Amino acid sequence: MHGHEWDATDAAGTVPGGAPVRPEGHRIVPLATALLQDDGLILHWSEDAEALLGYSAEEAVGSYAAQLLADGSDRPEVLALLDEIMAGTGWSGVFPVRHRDGHRVELECRTYPIAGPAGTLLLLATGSDIRALHAIEADLAVLDGVFGRSPIGMAVYDTELRFVRLNEALARMNGVTIAGHLGRRISVVLPGINSVEIEQIMRQVLKTGKPVVDARSHGRVPGDPKHDRAWSASYFRLEDSTGQVFGVCSSIIDVTERFQAEARAARAQERLATIAEATARIGTTLDLQRTAEELIEAVVPRFADFATVDLLEPVLRGAEPAAIPADRTITLRAVAVGESYESGLAHAVDTVGEASEYAPDRSYTQCLRSGRPLLRSHVDAEVLRGLVASEDRVAPGIAAGIHSYLMVPLTARGMVLGGSEFIRMRNPEPFSDADVALAEELVARTALAIDNARLYRRERETALTLQRSLLPQEIHRTLGLEIAYRYLPSSVVSEVGGDWFDVVPLSCGRVALVVGDVMGHGIRAAATMGQLRTVARTLATLDLPPEQVLTRLDETASGIGEGQFATCICAVYDPLERTVQIAAAGHLPPVWVTPDGTASRIEVPPGVPLGVGGVAFESIEFTLPEGGMVTLYTDGLVERRGRDLDEGIDVLARTLSGPGRTLEESCDAVLRALVTDGTDDDIAMIMARVLPLPADRVATLPLTGGGRLPGKARRFTRATLDAWGLSALADYAELLVSELVTNALLHAEAPRRLRLFRDRVLTLEVADAGGPTPQLRPFAEQDEGGRGMFLVSELAQRWGSRLTRDGKVVWAELELPFGAS
């Protein structure tokens, strides 16, 4: 026979449904065994007997037990007990035994008489140290007390994560009996909690041996199926001294109140974070739709799974929204819609830009009328029917999973602007009163930003309308010159600029091209632009040369108000002479493109900006060949952050270079090259290309040599008009030409040239060597002269004169007959 170890689990038995439980640090008690003859001779001595009593097997076997283990005084008693045992069926009890070193060991003994070879009687004796047994019993009592009486839940699981033992506290906590747990896994016993996560943690503990403390679990248990609960659990692995793993042990505490407090604190923190983020995000622009989109971005998906912003029609027009009548339908237009996932709900609401009408009795309408939030914590078909604009939206909404709804009116400065809806589908939490307060805070910020955008939009539209009304409404066709232009307001929503351009038809087929830029932005800049453009147009029609136009404009700008400055460039083109005069007031140089496509700057004396005052301006004059092109522009075209002005002008010149494009194509190419991502400033640009002048539009008669020049001029005029099909004007034209030539003979040094020019009107002009410009002056009946210019004024639609480098020109215009051109 061989000795073996006996431990606490041998006494307590195995745990039902699993392997013996051997907690870390458990005690192992040696069990000594010996085999004796009927006379007490020791036949076998186990290793545990050696360890417990100190005698080796060599010393013990062959010795008599009474002599080896008992003192001399105890020996008779030992022999008597041995006789009694051999005569009976066995004995058990506590017996003192002498250790080899002389001290006594109290043994818990058991004896078993057994039959030996040839019918001899043998005695099997076992024994354990009584003190070790008492210690084990005390440990077991403590463990049983802790496990059975502990107020916290305790459980033991086998390696398959099945319950093998638990205490009554855990059974009460779960609302399931102890028997209902044993042999089953958590997912079976408690299907309403996050069992997958729990078992994953337990497998990790089994695998690594590292304990896990304060692992959270949550859900609903059979003992409280209507409320969510939360628990904190700690797990450690069960194994013996050899490292054999038997399972996992856990201790569990109900932390529902703490969990709820933490959840409330987390939700409060989330609300604060949402407000902080929304504050930084909402209202970053003065664009009404973008502001609505910023609200959607702030709440989806953090606060709601789906959200919309709808505005009343007057708000979108920039008008003041009126009170919502109690007996009328209202129309709202969707300006922003957002969702956290493809729910299908987008098909059941208005798309951006679409409008819906709400009857007076709808919950939505009543909510807007009251100005107070509308909360529906739980939504079913009947509730949804009262919220949507039409019945066909109910079924898609229910199918999408709507379970909670919140609508908050957009109210600013006491006016309702529209409404914002918040919907939850995947988020299982219904909207609460705290959510309503958060939504009101966010919507209030949004409403104020939207109202600011509305007010600004109205003001900007007013400014833009003013600005557009001050720009040319129609560009008149000019003979001998092809013109194309572009005007782009600033892409910055908050800016209205003062850029302008104009094409002013002048006498004798000439045209003035003017481009200007008032420094600054806003309505004041637009108003200043209008004043300067009007004055520039008036001055140009007075046949003033470009430098004088700018001088007078400078005086006007100085008189408008301090700090009102503008740059300007003025070019006057004469299609008959193909000459151009250009003067600049602090403006960027024009770009000239030759007929072969070579582009360069025109070096014009730069001058100073209008409004500086007291500075003279200079002009240059040169001849333009047929096919040449001039481009005038404002700095918004070429100026960008991080790019030098010269670099921008070079890009403009390179873009314009090369033949083969029409003016419209050239304008588009310039904008593509220079305006790639919007502009912070307005852009004004004019392109003008020289065209050949048709021969049947101009007739010239040199007024030189002898003879009667007035008669010669009259005959030339009638013959020309007959050839042009304008015989109906011949009589009037003859009289006008006769008076103009006669006036040149009397008051000028000498007439030089008569020229007839047919464009929008018939122009008759006489050039002379100089002298005073003709004036209308009063005359008496008896006066012999002074009636010539009076007759011209009466017969002509318009007349005037202008100075030239070698004299002056006096001209008169006649309207063409209907249908003539």
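These are my notebook entries on a few parts of a predicted model.

**Entry 1: confidence**

I looked at the confidence before anything else. The chain has a mean pLDDT of 83, and 87% of its residues reach 70 or more. I then checked residues 1–26, where the pLDDT is below 50. Beyond near neighbours in sequence, this stretch has 47 contacts in the model. Where pLDDT is low, the predicted coordinates should not be read in detail. I left that stretch alone.

**Entry 2: a sheet and the helix on it**

I traced an open sheet of 6 strands, and its order is S14-S13-S12-S17-S16-S15. The pairing in this sheet is antiparallel. Which strands stand at the edges? I found S14 (355–358) and S15 (374–376) there, each pairing on one side only. On average, neighbouring strands are turned by 25° against each other, direction ignored.

I also looked at one pair inside the order. S12 (residues 306–312) and S17 (residues 415–424) are joined by 6 bridges in the antiparallel sense. For Leu311, the bridge partner in S17 is Gly418.

Is Leu410 buried or exposed? Its relative accessible area is 0%, and a residue counts as buried under 20%, so Leu410 is buried. From Leu410 to Gly371 I count 39 residues in sequence, and their C-alpha atoms are 8.0 Å apart in space.

**Entry 3: helix H19**

I checked the length of H19 (residues 546–560) against its residue count. At 1.5 Å a residue, its 15 residues should span 21 Å. The end C-alpha atoms are 21 Å apart, which agrees.

Which residues of H19 are buried? I noted Pro546, Val549, Leu550, Leu553, Asp554 and Ala557. Seen down the helix axis, these buried residues fall within an arc of 140°, so they line one face of H19. The face turned away from the buried side carries the exposed residues Glu555 and Gly559. I then looked for what the buried residues of H19 pack against, and found helix H18 (523–541), strand S21 (566–574) and strand S22 (579–585).

**Entry 4: strand S32 and its partners**

I turned to S32 (residues 807–815), which is mostly covered, with 8 of its 9 residues buried. S30 (residues 761–768) runs antiparallel to S32, and 8 bridges join them. Across this pair I saw Val766 opposite Val810 of S32.

S31 (residues 798–804) is also antiparallel to S32, with 7 bridges between them. How many residues make up the hairpin link from S31 to S32? I found 2. Thr804 has Gly807 of S32 as its bridge partner.

**Entry 5: Ile686**

I ended with Ile686, which lies in S27 (residues 683–690). Its relative accessible area is 0%, so Ile686 is buried. I listed its contacts, leaving aside neighbours within four places in sequence. They are Ile483, Ala484, Tyr485, Phe501, Asp502, Val503, Leu513, Val514, Val515, Val630, Thr631 and Leu632. I also noted that Ile686 and Pro590 are 96 residues apart in sequence, with their C-alpha atoms 10.0 Å apart in space.

Methods: Residues numbered from 1 in each chain as written. Predicted model: local features only at pLDDT ≥ 70, side-chain atom pairs only at ≥ 80, totals over all residues. Heavy atoms only, no water. pLDDT = per-residue confidence, 0-100. Contact = heavy atoms within 4.5 Å. Pairing = 2+ DSSP bridges. Helix = DSSP H or I, 4+ residues; strand = E, 2+ residues; numbered from the N terminus. Axes fitted to C-alpha atoms, helices over the stretch in contact; angles between N-to-C directions. Expected span 1.5 Å × (residues − 1). Buried < 20%, exposed > 50% of the residue type's maximum accessible area, 1.4 Å probe, protein only. Arc of directions from axis to C-beta.
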